[in-house]
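Me: I am new to this structure. Can you take me through it in short steps?

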Amino acid sequence: MTAAPDRTDVPRPAPVRLWEDGFAADPQRYYAALRAQGPVGWAELAPGVPAYLVTDRSAALDVLRDPETFSHDPRAWEETVPADSPVLGMMRWRPNALFADGAAHVRYRATLIDVFDLVEPHDLRARVHRAVRLLAGRIGPRGEADLVGDFSRPLMALVLNDLFGLPDSQGDRLDEGLGKMMEGGAQAAEGEAQYARYVLELIEAKAERPGDDLPSRLLAHPAGLTREEVTWQVFLTLGAGYEPTANLLSNTLSRILGNPAYYSTLTSGARPVMDAVVEVLHHETPLANYGVYYARRPAVLHGVRLREAVPVVVSYGALGLPRGPRDGEGSPHAGREAAGGRHPRDASHLSWGAGPHACPVRQHTMLLVTEAIERLTQWLPDLAPVLPRERLSWRPGPFHRSLTALPVRFAPRSPDQPGVPS
Ligand code: HEM
């Protein structure tokens, strides 16, 4: 919050409609329109569902780090939207860490951190390698693949189901329910119901037969979460993990494949994969508009008066520097050495959030994504994009930045060929 002048006398501009198809095709145009309104713009998440969109870094930090003024609890807002609003699947209250404030939040979040802490890096790496081996073995002999539908999404389903104690065969069910819910469109309610059934069945099974998996650890955690509370933490965590991480994977792969400077150095040990991931976190972050907060009382944020019960959305997508789709191309290492081997702008993006709700598993996620890409490119070192980046299409929806498909070609390769990683 700032002492900047209150600009509320200025008539409210027409809302920028993040639910339009054009948003997926060219988000920067929409973000530019929002930025033109000032640090806090006026948008619509769905027809008739307005929100304040925070597009300025300093205003974003003021929201993220001020739980006294901003709550994560959407219940007052829910009363203002129609029961069939397509964004409710993503935004409605549930008793989990994301929608809780204060002591309840600390309790839920601590249990999640505790159970994820038990996932050692070597263990996660082994699970990722198993998943890549399975998928690359499947697509390798074909010589062509869609790295979204044949790799990023099924990889996340395999890894998460593995961690959550479900068989590989359940991946399609997870993909279908969550995919529809995340798009926030006409099928969102159906997707939400499918996904909820998936999680409920999982928790019932783990309560009866605990195993060495995350839900069983949550059920046994000394914080004493009820079965219902565990269900909602799993609902949050599987969802929070699946969609954004699959999108981080495919957005990064598309940057790497579209940029010879990255691709030609993939095997040099220079960690260009990490650079590409960081570039995506800056300019094409998967969780584009899903930092959703609510002013607890009327407040002024960087000159804009906020009403209660209207979402204040930290636009992680708009916070990325508007340097155009070709940013970084040709010089993935520029300035890296000067920053001691660390990407010079790594610290300046906010794609993991900040403050009490910042993503609790960012380290796990970075390891998962970089391992998956490095392993895939070891299996298939000659991946070539079928389409130039500007011809790729993106899924609709206000919350995410998600490719529809990423078609590639490569020389067919069978799992028993020499040189294929074990
Ligand atoms: C396995 C992968 C992941 C898991 C399990 C996961 C889990 C979570 C959970 C449980 C929260 C809520 C924390 C809380 O409210 O205290 C959260 C928050 C968040 N996550 Fe992740 N996450 C994953 C990957 C990602 C990815 C790939 C991104 C984007 C780059 C991301 C960005 C965020 C952000 C921005 C928030 C805070 C949202 C806000 O402002 O309220 N996460 N994550």
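Predicted model: local features only at pLDDT ≥ 70, side-chain atom pairs only at ≥ 80, totals over all residues.

Me: How many residues of the shell around the ligand are charged?
Reply: The shell around the ligand holds 28 residues, and Ala-240, Gly-241, Gly-291, Gly-353 and Cys-359 come nearest. By class, 17 are nonpolar and 10 are polar. The charged count is 1.

Me: Is H12 roughly parallel or roughly perpendicular to H14?
Reply: H12 packs against H14 (residues 272-283) with the axes 9 Å apart. The angle between them is about 115 degrees. Angles of 65 to 115 degrees count as roughly perpendicular. So H12 to H14 is roughly perpendicular.

Me: Is the crossing of H12 and H14 left-handed or right-handed?
Reply: On the H12 side, Leu-248, Asn-251, Thr-252, Arg-255 and Ile-256 take part. They meet Ala-276, Val-277, Glu-279 and Val-280 in H14. The contact has 5 nonpolar, 2 polar and 2 charged residues. The crossing is right-handed.

Me: Which strands stand at the edges of the open sheet of 3 strands?
Reply: The strand order is E5-E11-E10, with antiparallel pairing. An edge strand here has a single partner strand, so one side is left without a neighbour in the sheet. The edge strands are E5 (144-146) and E10 (384-385).

Me: Which residue in E11 stands opposite Ala-145?
Reply: E5 pairs with E11 (residues 407-409) over 3 bridges, in the antiparallel sense. Helix H8 (residues 147-163) lies across both strands, at about 60 degrees to E5. Opposite Ala-145 stands Val-408.

Me: Which are the edge strands of the open sheet of 6 strands?
Reply: This sheet has the order E1-E2-E3-E9-E6-E4, and its pairing is mixed. Each edge strand pairs on one side only. The edge strands are E1 (16-17) and E4 (70-71).

Me: At what angle to E9 does helix H3 run?
Reply: E9 (residues 311-314) runs parallel to E3 (residues 49-54), joined by 3 bridges. Val-54 stands opposite Val-314 in E9. Helix H3 (residues 57-64) lies across E2, E3, E4, E6 and E9. To E9, H3 runs at about 125 degrees.

Methods
Residues numbered from 1 in each chain as written. Near = placed C-beta within 6 Å. Nonpolar A, V, L, I, M, F, W, Y, C, P; charged D, E, K, R; others polar. Axes fitted to C-alpha atoms, helices over the stretch in contact; angles between N-to-C directions. Helix = DSSP H or I, 4+ residues; strand = E, 2+ residues; numbered from the N terminus. Parallel < 35°, antiparallel > 145°, perpendicular 65-115°, else oblique. Left-handed = near helix turned anticlockwise from the far one by under 90°. Contact = placed C-beta atoms within 7 Å. Pairing = 2+ DSSP bridges.
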